[in-house]
Amino acid sequence: MLNPEDVYNAYNEIPSIHNKDEFVINMTKSVMDPGFTTDTLENKQKFLHDLVGYYVIMEGIFFYSGFVMILSFHRQNKMTGIGEQFQYILRDESIHLNFGIDLINSIKEENPELWSPDFQAHILDLIKQAVELEYQYAVDCLPNGILGLTAPMFRDYVQYIADR
């Protein structure tokens with residue numbers, strides 16, 4: 001049985017959970033600044049960077065990865081009620097992800113100077129970091145595996161969805 005206090009404190013006590021949160025906060029901090037504008041090339045890139053952080057990394061990698069554990073149980077006819085609910089949530093998150101990708105692609109198309117080779121390399125590096133953070137989270141959540149799901153399988157899945 002889970003101790004509610006342990007669950008509540010997991011954010012502070014389990015580094016992988018804290019690290020994922022800090023990573024996303026740092027990836028989306030520009031747009032949270034009330035004084036932020038997109039009047040310079042640098043700030044336009046920051047805006048695009050933050051959109052990638054929110055839509056591609058948080059919605060597209062972290063959320064999808066979080067759902068896979070419950071959905072893997074659902075595929076085994078375990079936790080069917082919550083598994084069904086997660087399928088509906090995943091559909092909603094897929095709409096958010098697709099909207100974000102369309103928005104990012106529209107900005108890139110209208111402002112091709114933003115998508116420089118250096119910026120692309122930076123974004124790719126961030127996505128790789130996100131995959132590693134998500135894998136570390138899986139190691140913490142599944143140190144011995146559970147019901148046929150293991151951390152190495154989780155890495156394969158996260159890398160697969162990140163390749164989108």
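Colleague: How many residues does helix α6 have, and how does its reach compare with the expected span?

Modeller: Helix α6, residues 117-141, has 25 residues and reaches 36 Å from its first C-alpha to its last, close to the 36 Å expected at 1.5 Å a residue. The expected span is 1.5 Å times one less than the number of residues. Helices here are DSSP runs of H or I with at least four residues, strands are runs of E with at least two, and both are numbered from the N terminus. Residues are numbered from 1 along each chain as its sequence is written.

Colleague: What is the mean pLDDT of the protein chain, and where is confidence lowest and highest?

Modeller: pLDDT is the predictor's confidence in each residue, from 0 to 100. The protein chain has a mean of 88, and 98% of its residues reach 70 or more. Confidence is lowest in helix α1 (residues 4-13), with a mean of 77, and highest in α6, with 93. Where pLDDT is low, the predicted coordinates should not be read in detail.

Colleague: What makes Glu 134 and Lys 20 a salt bridge?

Modeller: A salt bridge needs a side-chain nitrogen of Lys or Arg within 4 Å of a carboxyl oxygen of Asp or Glu. The closest N and O atoms of Glu 134 and Lys 20 are 2.8 Å apart, so the pair meets the rule. The bridge links distant parts of the chain, with Glu 134 in helix α6 and Lys 20 in helix α2, 114 residues apart. Lys 20 has 13% relative accessibility and therefore counts as buried. Side chains of opposite charge can pair when their charged atoms come close.

Colleague: How many salt bridges does this rule give?

Modeller: The count comes to three. One of them joins Glu 42 and Lys 46, at 3.8 Å from N to O. Both residues lie in helix α4, four residues apart, about one turn of the helix. An α-helix has 3.6 residues a turn, so residues three or four places apart point the same way. Glu 42 counts as exposed because its relative accessibility is 52%, while Lys 46, at 34%, counts as partly exposed.

Colleague: Which residue forms a salt bridge with Glu 132?

Modeller: Arg 155 does, with the closest N and O atoms 3.1 Å apart. This pair also links distant parts of the chain: Glu 132 is in helix α6 and Arg 155 in helix α7, 23 residues apart. Glu 132 is partly exposed because its relative accessibility is 32%, and Arg 155, at 24%, is partly exposed too.

Colleague: Over the face of which residue does Arg 155 lie?

Modeller: Arg 155 lies over the face of Tyr 135, at 3.7 Å from the ring centre. The rule asks for NZ of Lys or CZ of Arg within 6 Å of the ring centre and within 35 degrees of the ring normal. The charged end of Lys 20 likewise sits over the ring of Phe 62, 4.8 Å from its centre.

Colleague: Why are Phe 23 and Phe 62 called a tilted pair?

Modeller: Rings of Phe, Tyr and Trp (its six-membered ring) pair if their centres lie within 6.5 Å; planes under 30 degrees apart count as stacked, over 60 as edge-to-face and the rest as tilted. By this rule the count comes to six aromatic pairs. The centres of Phe 23 and Phe 62 are 6.5 Å apart and their planes stand at 55°, so the pair is tilted. Phe 23 is in helix α2 and Phe 62 in helix α4, 39 residues apart. Both residues are buried.

Methods:
Predicted model: local features only at pLDDT ≥ 70, side-chain atom pairs only at ≥ 80, totals over all residues. Heavy atoms only, no water. Buried < 20%, exposed > 50% of the residue type's maximum accessible area, 1.4 Å probe, protein only.
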